[in-house]
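This report describes one protein chain for a reader who is new to structural analysis. Please keep the sequence and the model in view while reading.

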Amino acid sequence: MDNKSLPIDIIVENTEASPRYSGITISGVTINESPEWLKNKLKAIGLTPITNVVDITNFVLHELGQPLHAFDADEIKGKK
């Protein structure tokens, strides 16, 4: 089911450099320390754990080769 409670428009200014960019909103996330298993995986590849949200995006990048970034919705000006 689509979560339409926090709409944020995605605008790709250079579709040649980035032909596809997608996003999803997730509510109720608490910034905290990552679990030990995640910190250990990141340390094993030379990365320093930061927070649970940053760490999981780094884990996905290195595990799947898929860049991922998390944004704080409150900091997105104009919700775009």
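## Asn-40 and the basis of the model

Asn-40 has its place in helix H1. Helices (H or I, at least four residues) and strands (E, at least two) are DSSP runs, numbered from the N terminus. At 44% relative accessibility, Asn-40 counts as partly exposed; buried means under 20% relative accessible area, exposed over 50%, and partly exposed in between (1.4 Å probe, protein chains only). The C-alpha atoms of Asn-40 and Lys-80 are separated by 35 Å, and these residues are 40 apart along the chain.

The model is predicted: local features need pLDDT of at least 70, side-chain atom pairs count only at pLDDT 80 or more, and totals for chains, interfaces and linings use all residues. Residues are numbered from 1 along each chain as its sequence is written, and side-chain values use heavy atoms, with hydrogens and water left out.

## Overall form

The secondary structure of the chain comes to two helices and zero strands. The chain has a radius of gyration of 15 Å, whereas a compact globule of 80 residues would have one near 12 Å. This radius is taken over C-alpha atoms, and the globule rule is 2.2 Å times the number of residues to the power 0.38. Along its principal axes, the C-alpha trace spans about 35 × 30 × 25 Å.

Of the 80 residues of the chain, 15% count as buried. Among contacts (heavy atoms within 4.5 Å) between residues at least 6 apart in sequence, 22% join residues at least 24 apart.

## The aromatic pair

Rings of Phe, Tyr and Trp (its six-membered ring) pair if their centres lie within 6.5 Å; planes under 30 degrees apart count as stacked, over 60 as edge-to-face and the rest as tilted. By this rule, the count comes to one aromatic pair. The ring centres of Trp-37 and Phe-59 are 5.7 Å apart and the planes stand at 85 degrees, so the pair is edge-to-face. The pair links distant parts of the chain, with Trp-37 in helix H1 (residues 36-44) and Phe-59 in helix H2 (residues 52-64), 22 residues apart.

## Lys-79

Lys-79 lies in the segment after H2. Although Lys-79 is not a glycine, it has a positive phi of about 55 degrees. Lys-79 counts as partly exposed, at 30% relative accessibility.
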